[in-house]
Amino acid sequence: MDTIDNILLYTENISKNFQGIKAVNNVNFKINKNEIRALIGPNGAGKTTFVSLLCGRIKASKGKVVFGGKDISDFPVYKRISNGIGYTFQITSIFFNLTVYENVALAIKKDNSNEKINTVSEVLTKVGLLDRINQRSGDLSYGHQRLLELAMGMAQKPKLLILDEPTQGLSDSEIENFKKLIKDISSSTTILLIEHNMDVVMSIADNISVLHFGEIIAEGDKKTIQNDPIVQKAYL
Ligand code: ATP
């Protein structure tokens, strides 16, 4: 259902130019509460730029972002995070010399240390890393580091969690585990994920948006996207 109350975030003509390249071009996008949305498209389509505009890592050339009914276009990253937009990016944001606990604790704003410990334990339990809580993060396997990043994103208790290629570099069994995890997290958080692995997209996404040369060329549920001739030509 697409009522105003249901919409968590929308953009109006959001655009980003890099020295003449229209990386994101007049995108009108919306995502509903409790949705799992996949954002797909060829390399260089503008996916990372687009989600960076949502979380504020990049300033838009034009257009606006409305989140929870509030125009957040001029909000810096930290203010978007405190309003409920969490994200994890391709480039790892872990401090390797810190422990698993310390990395997750850093992602939490709370001053109350009991609450902090509870939240860290809760998210590490969810991602299956609780038994590694005191391990140096740099000593974790790559797959576990990706899970730690997810835990860091979850620890902010976001209303919208943006994940940029979360399954990249994971083994098949890690991907299976990840799919279950995302389904589980999605009961309390809206998820927007950039994903190249079509098996992941088709098994967890409620809806899919296809970006091509900075524009959304198709949007809909899996069947709609799979059968769309324009998408097939551009991407699938
Ligand atoms: P991929 O799937 O490879 O990660 P993408 O869909 O995320 O690609 P973007 O990384 O958003 O695509 O890039 C979109 C376009 O903008 C590309 O042409 C890219 O070269 C360009 N671009 C992205 N960031 C910058 C930047 N900081 N400066 C200049 N051009 C950039």
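1. Let me begin with helix 6, residues 172-185. Helix 6 lies across strand 4 (36-40), strand 8 and strand 9 (190-194), and the helix runs at about 145° to strand 9. Please keep in mind throughout that this is a predicted model.

2. What is the order of the strands in the open sheet? Six strands form the sheet, in the order 7-8-9-4-10-11, and their pairing is mixed. Strand 7 (85-88) and strand 11 (215-220) are the edge strands, each pairing on one side only. On average, neighbouring strands of this sheet are turned by 20° against each other, with direction ignored.

3. Strand 10 (residues 207-212) and strand 11 run antiparallel and are joined by five bridges. Within this pairing, S209 stands opposite E219 in strand 11. As a reminder, strands of a sheet pair through backbone hydrogen bonds, in either a parallel or an antiparallel fashion.

4. Helix 5 (residues 142-155) also packs on the sheet, where the helix touches strand 7 and strand 8 (160-164). The direction of helix 5 makes about 155° with that of strand 8.

5. Now to the ligand. Its surroundings comprise 14 residues, and the closest are G44, G46, K47, T48 and T49. Which element gives the largest share of this shell? That is helix 1 (residues 47-55), which contributes three residues.

6. For T48, a backbone N or O atom lies 2.8 Å from a ligand oxygen. Side chains take part as well: an N or O atom in the side chain of H196 is 3.1 Å from an oxygen atom of the ligand, and for the side chain of N43 the corresponding distance is 3.3 Å.

7. How much of the ligand's accessible area does the protein cover? On its own the ligand has 640 Å² of accessible area, and the protein covers 63% of that.

Definitions and conventions. Residues numbered from 1 in each chain as written. Predicted model: local features only at pLDDT ≥ 70, side-chain atom pairs only at ≥ 80, totals over all residues. Heavy atoms only, no water. Near = heavy atom within 4 Å. Polar contact = N/O pair within 3.5 Å; in protein donor to acceptor, adjacent residues only side chain to side chain. Areas by Shrake-Rupley, 256 points an atom, 1.4 Å probe, with all protein chains shown as cover. Helix = DSSP H or I, 4+ residues; strand = E, 2+ residues; numbered from the N terminus. Pairing = 2+ DSSP bridges. Axes fitted to C-alpha atoms, helices over the stretch in contact; angles between N-to-C directions. Contact = heavy atoms within 4.5 Å.
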